Structure formats: C-alpha cells, structure tokens
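This is a briefing on the fold and the overall dimensions of one chain. Please look over the sequence and the model before reading the points below.

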Amino acid sequence: MANADPLAQLRDIHIPTSIDWGWYGFIALIIVSVLLIISWLIIYYRRKTLFRREALQELAAIEHFQQQTNTQQLLSSCNQLLRRVCLTLYPTEQVASLTGQAWLEFLDQHSKKKQKNFSQGVGKILADGLYQEHIAAFDDQALIKQIRLWIQEK
C-alpha cells in the first residue's frame with residue numbers, strides 16, 4: 001500500500017554540524033601575533049642600529065683614506081662623524097653648541113666606561129688640533145680605535 005501522504009516519506013532536513021573554529025582561531029591568532037611582534041622587533045632593531053652601522057662604515061672609510069689626507073682633514077672628519085652620531089642620539093640643544101673641552105667632556109660623560117679618553121686621553125687632539133696650523137704628532141690609529149669603541153657602545 002502506498003502511503004497517501006507524500007510528505008510522510010520525506011525525512012527531516014539535517015543541518016550539518018558546525019565546525020568549532022574557536023580553538024583553531026585562537027591558535028592562529030596567537031601565531032600571527034607572535035610573527036607580527038617578531039617582525040616589528042626586527043624592524044625596530046634595524047632602524048635603531050642603522051646610524052651605528054653607517055657611522056662605523058664611514059669611520060672605516062676615514063681610516064682607509066687617512067694616508068691620503070692631511071691631519072687637519074682626518075681630525076675634521078672624525079669630529080664631524082662624532083657630532084652627527086651625537087645629534088642622532090641626543091637633543092640638538094645639548095650637543096650643537098659644545099666646543100673644545102666641553103665637547104670632549106660630553107663624549108666622556110656619554111661613554112659607558114666613563115673613562116676620560118677624549119678629554120684627557122688620545123681624543124684630546126680633537127679639541128687642540130682642529131684649529132692649529134702645526135699639529136704635534138699623535139697616534140691616529142689609537143684615535144680611530146677610540147672613536148670606533150665609542151660608537152659601538154651606542
């Protein structure tokens with residue numbers, strides 16, 4: 001016998017069970033967040049140390065060409081490099097007006113070792129020799145080494 005009601009033969013519509021994306025979404029969110037934080041830290045570190053890498057490259061160029069330049073040019077180049085680094089790191093008002101002994105003391109104060117390598121050591125030539133016509137002999141390699149160490153501390 002055939003069923004007279006055609007709707008009786010139909011079954012209920014079954015809705016597929018929903019996939020619970022809660023945990024998967026949470027794990028994916030954590031992974032994406034960690035990757036974003038790591039990439040941000042890498043970019044931040046590269047930008048923060050870019051000036052140092054460029055300054056050290058310029059110092060290497062100064063060192064390479066020191067034989068071809070006179071003492072005045074060497075001292076001027078080293079002093080300008082130190083000023084640019086300081087203007088990058090410290091407020092302009094604090095750095096721009098410094099000259100002579102005050103400039104060297106500033107460099108010593110902002111050294112991590114707090115030694116007086118500029119005001120009383122090899123760096124003293126930066127204040128004394130820049131404007132002298134005849135400069136007494138000094139250890140240019142020691143000066144460049146001291147400048148390199150100072151920049152690397154930053």
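Where in helix 1 is the kink centred? The kink in helix 1 is centred on Thr49 and amounts to about 40 degrees, a bend being the angle between axes fitted to the seven residues ending at a residue and the seven starting there. This is a predicted model, in which local features need pLDDT of at least 70 and side-chain atom pairs count only at pLDDT 80 or more, while totals for chains, interfaces and linings use all residues. Residues are numbered from 1 along each chain as its sequence is written, and side-chain values use heavy atoms, with hydrogens and water left out.

**Helix 1**
- Helix 1 covers residues 22–64, and its 43 residues should span 63 Å at 1.5 Å a residue, which agrees with the 61 Å between its end C-alpha atoms; the expected span is 1.5 Å times one less than the number of residues.

**Whole chain**
- The chain has six helices and zero strands, assigned as DSSP runs (H or I, at least four residues, for helices; E, at least two, for strands) numbered from the N terminus.
- Along its principal axes, the C-alpha trace spans about 125 × 30 × 25 Å.
- Of the 154 residues, 27% are buried.

Definitions and conventions:
Buried < 20%, exposed > 50% of the residue type's maximum accessible area, 1.4 Å probe, protein only.
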